[in-house]
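Please read this briefing alongside the sequence and the model.

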Amino acid sequence: MKTFYKKFSEKFIEGLLMLSSTITTLTVVLIVVFLFKEGLGVFNKKPVEDGFVIALNKQNPVNKLTSAQLKNIFDQKITNWSEVGGKKDSIILFRMEDITNYYSEEQIGEKFERLPQCIGKVVDSLPNIIAFFSTKYLDKNFQGKQLDIDKISFKEFFGGKEWFPTAQPSAQLGVLPLILGTLWVSLGAILLALPLGLAAAVYMSEIADEKVRKVMKPLIELLAGIPSVVYGFFGLVIIVPLIQKVFDLPVGETGLAGSIVLGIMALPTIITISEDAMRNTPRAMKEASLALGASKWQTIYKVVVPYSISGITAGAILGIGRAIGETMAVLMVTGNAAVIPHTILEPVRTIPATIAAELGEASNGGLHYKALFALGCILFIITLIINLTVEYISNRKKYNNR
Amino acid sequence: MKMPDENKLAKQKKRNQSIAFWIFRLLSYLIVAILFAILSFIVFKGIGVINWNFITQMPEEGMTKGGIFPAIVGTLCLVAGSMLFAFPVGVLAAIYMNEYVKDGIIKKIIKQMTNNLAGIPSIVFGLFGMSLFVNKLHFGDSILAGSLTLGLLALPVVIRTTEEALKAVDNTFRHASLGLGASKWQTTRSVVLPIAFPNIITGLILSIGRVSGETAPILFTVAAYFLPKLPTSIFDQAMALPYHLYVLSTSGTNIAESRPVAYGTALVLIIIVLIANLLANGLRKYFGKKVKMN
C-alpha cells in the first residue's frame, strides 16, 4: 500500500511539473491566437466607421472610392470629380451638421424627426454632392447611391503612408511611417550602442584585471535593471532639452533623443552577451597567438574577436530587438509624430509607442482597436524573427566547434 | 633589401596597443559615467522630495502635492500577485526541465517557447493581457489582470534563473541520493532544491526588480491615472509607481508643478531596483555561487 501511495504521488508530482512547464508554450500559443485573431480582423473591416454611410447623387458615375481618395476629398485636397474618375464638376461636401445650410431647424423638426427626408432631398437635388452621415438618418426610400468602400487591403495597410486611425469619414491605416520610424530609431540606437558596448566587452573580458571587472559587471547589470520609464524620464528632462539647444530646434523630442535613450538601454544586452562570447575563447588559442610574438592587442583583434564574432552578432541583434520592442522610453522622448522621418532631428513614432498611446482611446473591438492589434502582430513577428536568427547563429557556432 | 627596424616595429606595436587599450578603457568608463549620471541626477533631484509624508500620503491637488502612497501599495500588490503566479510555476517548470524530462523533442519545444516568450516585447504582453484577462475573462481593469500579465512576463526569467541554479548542483548529490533508494521527487525535494535554494531566491529577487518597473504591460490591464484610495480587492484598479511616473512627466494636469513629485517617484523606483540588485548580489557573494542572468 505504501509503495502504491509513493508511486502514485511520484506520478502526480511529475504530472504537475509537466503541466507547469507547458504554461510558457501555452502562453505563446495563446498570445499568437489572440493577437492574430484581433489583428487580422482589421482586414475584414471597412475604413468608414460602422454606422455611417457615404452617399452620392444617383447620376454620379463614380461607384467606388479608395480610403485615401475619400480622405483627400473631405480634406478638400481633391475638389473635382474628374480627379477620381467622374464628370468634370466640382465636389460639394456634405456632413451631417451642414444640413442647417439647406433647411431651417423647423423643417428638420425638434427631434430631428424629418432629418432623414431632408438629407435625402439634399443628396437628390445636387448632382455633385458627396454626403457623409449616420445610418440612423438614412431615409427608407433614399434615392441617392450609397458608395461602396473596399475593406482595408494588405497593400493599403503596409504601403499606406498615412496613419490617422481616427480620421473622419475614412480612417487612414498606413503603417509604413510607424515601421520606418521604429527601424529608424532602432538603427540609430544600435549605431550608438554597438561601438560603446563592444569596447566595454573587450575591456572587461580581455584588458581589465579581475578587480575592475568585479566592479563593472554588477554596474552593467544595474544599468539593465533601471526601469524603462525612468530612462524615459531622464531622456525627457535631460536629453530632450539638450538636443533642442544644441541643434537649435523648435522641439527636442526627436528620433535622435529616442536613439540615444534606446542606445543606453541596449548597452547591457550587447555587453553581457559579447563579453560572454569573448571569455569563451579557448585559452590555448590566445596563448598560441601571444607565443608567436603578437601583442595583446593583436591577439584581441586577430583571435578573440574573430573567434567570438557569432556571439557578438547575437548580442547586437538582441540589442536591436530590445530597442524595437521598447515602449515607454520611446513614447516619452520621440515626439510621436506619425510621419515618415527624413532626418534624425524630426519627431518620429514607433510601433510600440503607437500601441501604448492609442489603445486607451480605441473603442473595444472597433477598427482602431483591431489596427493596434495588427501592429502588435507586426511587432511580434519582428521579434520572433530576431529570436530565431539569434538562435540560428548560436547553434551554428556550437556545431562548428564539434 | 633593407630589413625593417625591429626595434621600431616593436615600439609601434606597443604604441598601437596602448592607444587601443586607452580607447577601450575610456569608452568603458564612459558607460559607467552614464550610469552614474542617470543615478545621481535622480538621486539629487529626488532626495529633497522624499520624506515620511511623501511615501505615506495620498496625492493631492492634481498630483502636484502630497504623497505617492497608493502607487507604492499598488506596485507592491502587483509584485506580490505576479510572483505568486510566476514563482511556483516557474520553479516547477524548471525542475521538470532540468530533473525530469530527457533530451528530446519535447524539451526542445519547451525551451524554444520559453526563449520566445522571453523575447516578446512588454507592450505585446499588455495587448495580450488586455484581450485575454480584461476582455475575454471579464476581470476588467484589475490587480488580478495586471498581476497575471506581469507574471507571464516574469515567467521566463524565473525559469531561466532556476534552471541555472539547478544545473549548478553537482550530479554526485543526485546519484548518491538515488543510490540510497530515494525516489526522484524525494531526491529533488530533499537534496537538489536545498542546495539550489539560494540561487533560486536570487533569481526571484531579480525578477521582482524587473516586474516592479514594468509599465507597458499594466497600461491597459490595471493602471489607474489617479485613484486616491487603496485597493480593497483583487478586482480593483490600482495606481502603480512606473505608470505614475509616466503620467506625471507627460500628461499630468500641471507638468511643471508636478515635476518634484515625479523626481521623488523616480527615486523610489530606483531605490527598489537598487535594493533588489544589491540583495541579489549580496546573496550571490554570500553563497559563493553565481546565477547567470541572460
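**Overall architecture**

Along the sequence, the elements of chain B run in the order α-α-β-β-α-α-α-α-α-α-α-α, where helices (H or I, at least four residues) and strands (E, at least two) are DSSP runs numbered from the N terminus. This is a predicted model, in which local features need pLDDT of at least 70 and side-chain atom pairs count only at pLDDT 80 or more, whereas totals for chains, interfaces and linings use all residues. Residues are numbered from 1 along each chain as its sequence is written, and chains are lettered from A and ligands numbered from 1 in the order in which they are written.

**Chain B**

- Chain B holds 10 helices and 2 strands, and its C-alpha atoms fill a box of roughly 85 × 65 × 35 Å along the principal axes.
- The radius of gyration of chain B is 25 Å, whereas a compact globule of 294 residues would have one near 19 Å; the radius is taken over C-alpha atoms, and the globule rule is 2.2 Å times the number of residues to the power 0.38.
- Of the 294 residues in chain B, 48% are buried, a residue being buried if 20 or more other C-beta atoms, placed from the backbone, lie within 10 Å of its own.

**Chain A**

- Chain A has 15 helices and 8 strands, and its C-alpha trace spans about 95 × 80 × 35 Å along the principal axes.
- Chain A is divided into domain 1 (2-44), domain 2 (52-150) and domain 3 (176-401), with bounds that come from an automatic or database domain assignment.
- The C-alpha centres of domain 2 and domain 3 of chain A are 51 Å apart.

**Helix packing in chain A**

- Helix α6 (residues 176-207) of chain A packs against helix α9 (residues 255-279) of chain A at an angle of about 35 degrees, with the axes 6 Å apart; axes are lines fitted to C-alpha atoms over the stretch in contact, and angles run from 0 to 180 degrees between N-to-C directions.
- The residues of this contact between α6(A) and α9(A) comprise 21 nonpolar, 9 polar and 3 charged, where Ala, Val, Leu, Ile, Met, Phe, Trp, Tyr, Cys and Pro count as nonpolar, Asp, Glu, Lys and Arg as charged, and the others, Gly among them, as polar.

**Interface between the chains**

- The contact takes 69 residues from chain A and 71 residues from chain B, two residues being in contact if their C-beta atoms, placed from the backbone, lie within 7 Å.
- Helix α1 (residues 2-40) of chain A gives the most to the side of chain A that touches chain B, with 19 residues.
- That side of chain A has 45 nonpolar, 17 polar and 7 charged residues.

Note on methods. Buried ≥ 20, exposed ≤ 12 C-beta atoms within 10 Å, placed from the backbone.
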